[in-house]
Amino acid sequence: MAGYGFFAIDAGESRDPARDGGTAPTELLVHPSDTRTGLKYSVLPMIHAISGDLLSRDQAAYHLALITEHLSGPDGARLFDAPARYHGGEMEVFQRAEASTFFGREIGIMYTHAHLRYAEALARFGDAPGFLRALALANPIGMTERVPSARPRQQTSYASSSDGVFPDRYAAAEGYHGIMDGTVALEAGWRVYSSGPGIYLRLVRENLLGIRHRAAQVEIDPVLDPAVGDVTASVRLLGRQVHISYRPGPLGAGVVGVSAGGRELSGSPLQNPYRAGGLAVSTDELIRALDTADNALEVQLR
């Protein structure tokens, strides 16, 4: 899956390939066939295609395997398989990446927002152990134990990136492999930054615990690593504090049943092209069930 397509258009030709019958780009960028940029793989097209249900299950598994092989570092999923080349002069393709002297954030290519979107794709696919590992890599608490090459950092604040410790872009280009093999130290990027903590908390609530309030329905679709065992959580839902007990099966994803006070709740199965989905329960039925079960739910997973 290509990151970009370069269209060769002669003067006077249409600039809308879709209108012209979907003409294929004459050159793919950030793709194994790319000879222009030096970059072969990009995480964003792959994970957004998975999260958007654009792939078959086999295609999704194939692209996740590519991410593991080419884009996974000790600190998480990376934007590209290498940094954009630094020319120190006129820009050619990636203007900011080719001109920035700072090696961090998107330039250093371990941008935590993108890593969290990768975690979201893992949850959509149903890789429960991988999803939990990805969330853990974005959590600053205990980071130096999980990532031995990480330098000590503030543990009460989200970091927007994981930045390799290089004196300049030239050293980064020459020694980037040291990040991947763990011999180059990693520092936390900007802290208390933008929407990142909100994305993280949403993934915990809506994907890990699988609680999504959607107008007249509540979707229950958790993805929990079976190795963790049974999980209990207290979640604010429908104006009340709801206590949920999760019992993961060997897959940790795909709802077998939801019950309250020993009574099984009815609902509609959620569609997912990669795995068994969750259950959508009407808010009215859920409220009635919670009223009779002391605001407690039990969720059984495959």
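I109 counts as buried, at 1% relative accessibility, where buried means under 20% relative accessible area, exposed over 50%, and partly exposed in between (1.4 Å probe, protein chains only). The model is predicted: local features need pLDDT of at least 70, side-chain atom pairs count only at pLDDT 80 or more, and totals for chains, interfaces and linings use all residues. Residues are numbered from 1 along each chain as its sequence is written, and side-chain values use heavy atoms, with hydrogens and water left out.

**Backbone: positive phi**

Most residues other than glycine have a negative phi, and most peptide bonds are trans. I109, although not a glycine, has a positive phi of about 65 degrees. I109 sits in the loop between α4 (105-108) and α5 (112-125); helices (H or I, at least four residues) and strands (E, at least two) are DSSP runs, numbered from the N terminus. V30 is likewise not a glycine and has a positive phi, of about 50 degrees. The loop between β2 (27-29) and α1 (43-51) contains V30. With a relative accessible area of 0%, V30 is buried.

**Side chains: salt bridges**

Side chains of opposite charge can pair when their charged atoms come close. The structure holds 15 salt bridges, a salt bridge being a side-chain nitrogen of Lys or Arg within 4 Å of a carboxyl oxygen of Asp or Glu.

| R105 | E106 | 3.6 Å |

R202 and E206 both belong to helix α10 (residues 196-208), where they are four residues apart, about one turn of the helix.

How do R212 and E219 stand, buried or exposed? E219 counts as buried at 16% relative accessibility, and R212 is buried as well, with a relative accessible area of 11%. Elsewhere, salt bridges with shared partners connect R117, E120, R202, E206 and R214 in one network.
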